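Colleague: I'm new to this one. Could you show it to me and then let me ask how you know what you say about it?

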Amino acid sequence: MSRESPTRSFPGERGGFDTVADSSLTRSERVRRLLDLWLAAPLRVVWNDARARIGATLLFGFLLMGFVGPQVIAEPSIGQAPQLLGPFHGGIIGGSWYTLTSVDLFGVSVPWLGLEWLLGTDSTGRGILEQVVHATPRMFTMIATAGLFVTALGTSVGALAGYSGGRVDQVLSTVIDIVMTLPGLPLLLILVALLEPKSPVVLGLVLSLQAWAGMARAIRSQVLTIRSTSYVEAAQAMGLSTPTIVAKEVVPNIMPFVMINMVNAMRGVIFASVGLYFLGLLPFSEVVNWGVMLQLAYSNGGMLTLDAAHWLLVPMLAIVLLSMALILFAQGMDRVFNPRVRARHANTTGGSDDDTEPTEPKTRAVSTEGNL
Amino acid sequence: MNGYFVKRTLQAVFTTFVVVSLSFGLVRLMPGNPADQLRGQLIRNNPSLSQQEINRRVANYINVDLSAPLHEQYIDYVLGILQGDLGQSISQNAPVTEVLGEALPWTVFAFSIAILLMFVVGISLGSIMAYWEGSRFDVGSTGLGIVLNSTPNYVTGLLFLYVFGFILGWFPTSGHISSEVVPIVNPLKPVATFQFVADAVYHASLLIGAVVITGFGGVALAMRGNSIQVLGEDYLRVARLRGLSDTRIALRYVARNAILPMYTGLLLAFGGVIGGSAILEQVFTYPGLGYYIVAAVEARDYPLMMGGFILITLAVVVGAFIADLTYGLVDPRVSTGGDSA
């Protein structure tokens, strides 16, 4: 109806096409659609995908372990238990690793399960579960710092470089190249040897110091590809401002890359910190970390006997599960952000139906033909 | 294109310059920097030496003459590196270039095989997964890929070493060749050369296995993502409408466009993996570049540490340089995008 109506008559809105369509809607209808678009549909997409469900559940478990765990489970200390107990000692059923007790809850006595060294102990009598749990909060601080830092710097630099082109791109690309060129671990080894960082925030920053460049480069090349697409050219021809085009056309397309790169950076920090603790290059005297556990298990003959296998395997499992949770979660988010995948998995109501219909037959045709 | 070539070359030179300056900054200007630490070490170990003698030894070890003004120290340091002089290793008691020169071929050998295998397996698996998106095969391999990709290679390395090295005894647990094998590469002596190469591969196989197992999942997932994106493009529909054969579409349209973004990744992976080799080489006691860098950090052998850093960094600069020069050739989209700006 209103192709002629000038965009400027909606000063609060930053978009081009969609502001026109929204003009006929009431306020509540608009809110409902926004909620549907930004909340209901993503949740539906996540819930429809088994991997994202697993990832979210695992991540929730780790968050629980990090925030509630240290309050519930005793702090590990040397000699708190017999040395080198196996996991579930005495057998899974009828063993001595659990005791039936009762606790007083608001004046009522309820039966309770008391755990004693559920996953066994190490050679100095520290509980394995206790160490794993108490290492989690530090790990979270570290990867959260790294994730924030990398995402903020990586996306802004990458998008700016790819979008503005010319001299800005040249300067930024040079900076990106140089930062990327610095080899990860050797630089970390040197920095760690010189700085000996103890605070998890500092450690997170140091370990992700150059991960942002990888993200910036990926984003830049994506933006370069997107910039030459017809819809961006159309938006440019309409005279939309650069920030508007970036926000409306470019960002949704690069979101999957942002998520994946952020998770990769976090994974890198987990691997690097555990690796450096494993090598014994970080100051670890009063720090609980999965890498420290690995290092102690490795250097105390855990490789040669089966008695200490749990000491080696439990921290390994923690590392693998946490990074798996992050990757699965990022993949779920990928489905939320990627318009092509999203269109197939969740039909949203109202306005976005228009987007859904043309996409659906196209992608389906592709996937069936691909099977031939 | 020529302009781009020149520009990129200048950029590579500039990068090298920045890297060398950075390493000088690390050596000289950081709190607790190697130069001061080394000086402290020398004074502690030989309290009778004169100030001048100490300075002379520091200069010998890391090319930094502490008595000269800072800018002269810097120029001397850069000139020294340009002449291939990386100083003298304290713990190995040999020139750094010699120590690293012996270690480098082993790292390059093992990790080149590993990375190539990793990419071949990952790309093939990823494209099949993309074509069968949503199938049981896709879900299964994605799950497997995620689990493997979530495992640091040193963890897999430790498990391999534990199972195949110590328990089953199938593979050697340390070193890069057996002591009785003569290292020889000579086309005139094919049998001896073959024996040597086979033995080297045998010794590196657990390490290669650990890299491939933990790496191919990531490559496959990236390839899958790229391919799915390409499969949704309009030009693919057009290609089908033109009646092009499936093989041609799969190879020329999907595979080419999906692999291109990973091309830079391949060359950079060499730098990244070799840089990250330190922990893995430590696990397998494989005397490569990373092994010596970790050993240097443990022994606070600053010359060797900085030398390893500079060597790896320059290798990656060259890798990135080649990647960028050739990327414009293989992917026309980038060069046109750059020109129209």
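Predicted model: local features only at pLDDT ≥ 70, side-chain atom pairs only at ≥ 80, totals over all residues.

Colleague: What makes H12(B) largely enclosed by the rest of the structure?

Modeller: A residue counts as buried if 20 or more other C-beta atoms lie within 10 Å of its own. In H12(B), which covers residues 289-298 of chain B, 9 of the 10 residues are buried, so the helix is largely enclosed.

Colleague: Which residue with a positive phi follows H12(B)?

Modeller: That's Arg300(B), with phi near 50 degrees.

Colleague: Over in chain A, why are H3(A) and H5(A) called roughly perpendicular?

Modeller: Helix H3 (residues 50-67) of chain A packs against helix H5 (residues 128-164) of chain A at about 105 degrees, and their axes are 7 Å apart. Angles of 65 to 115 degrees count as roughly perpendicular, so H3(A) and H5(A) get that label.

Colleague: Which residues meet there, H3(A) to H5(A)?

Modeller: From H3(A) come Phe62(A), Met65(A) and Gly66(A), while H5(A) brings Val133(A), Thr136(A), Pro137(A) and Phe140(A). Sorted by kind, the contact has 5 nonpolar residues, 2 polar ones and no charged ones.

Colleague: How do you know where the transmembrane regions of chain A are?

Modeller: From the record: an unreviewed UniProt entry lists residues 54-74, 139-163, 175-195, 269-288 and 308-330 of chain A. The model lets us look at those spans. Residues 139-163 of chain A are 100% helix, with end C-alpha atoms 35 Å apart. For residues 54-74 of chain A, the figures are 86% helix and 28 Å.

Colleague: And what does the record give for chain B?

Modeller: Also from an unreviewed UniProt entry, there are regions at residues 12-30, 108-132, 153-171, 200-222, 258-284 and 304-323 of chain B. Take residues 108-132 of chain B: 96% helix, ends 36 Å apart by C-alpha. Residues 153-171 of chain B come out at 79% helix, with the end C-alpha atoms 18 Å apart.

Colleague: What are the overall scores, ipTM and pTM?

Modeller: The model scores ipTM 0.74 and pTM 0.73. Chain B averages a pLDDT of 76, with 86% of its residues scoring at least 70.

Notes. Residues numbered from 1 in each chain as written. Chains lettered and ligands numbered in written order. UniProt positions renumbered as here; feature names shortened; annotations may be inferred. Helix = DSSP H or I, 4+ residues; strand = E, 2+ residues; numbered from the N terminus. pLDDT = per-residue confidence, 0-100. Axes fitted to C-alpha atoms, helices over the stretch in contact; angles between N-to-C directions. Parallel < 35°, antiparallel > 145°, perpendicular 65-115°, else oblique. Contact = placed C-beta atoms within 7 Å. Nonpolar A, V, L, I, M, F, W, Y, C, P; charged D, E, K, R; others polar. Buried ≥ 20, exposed ≤ 12 C-beta atoms within 10 Å, placed from the backbone.
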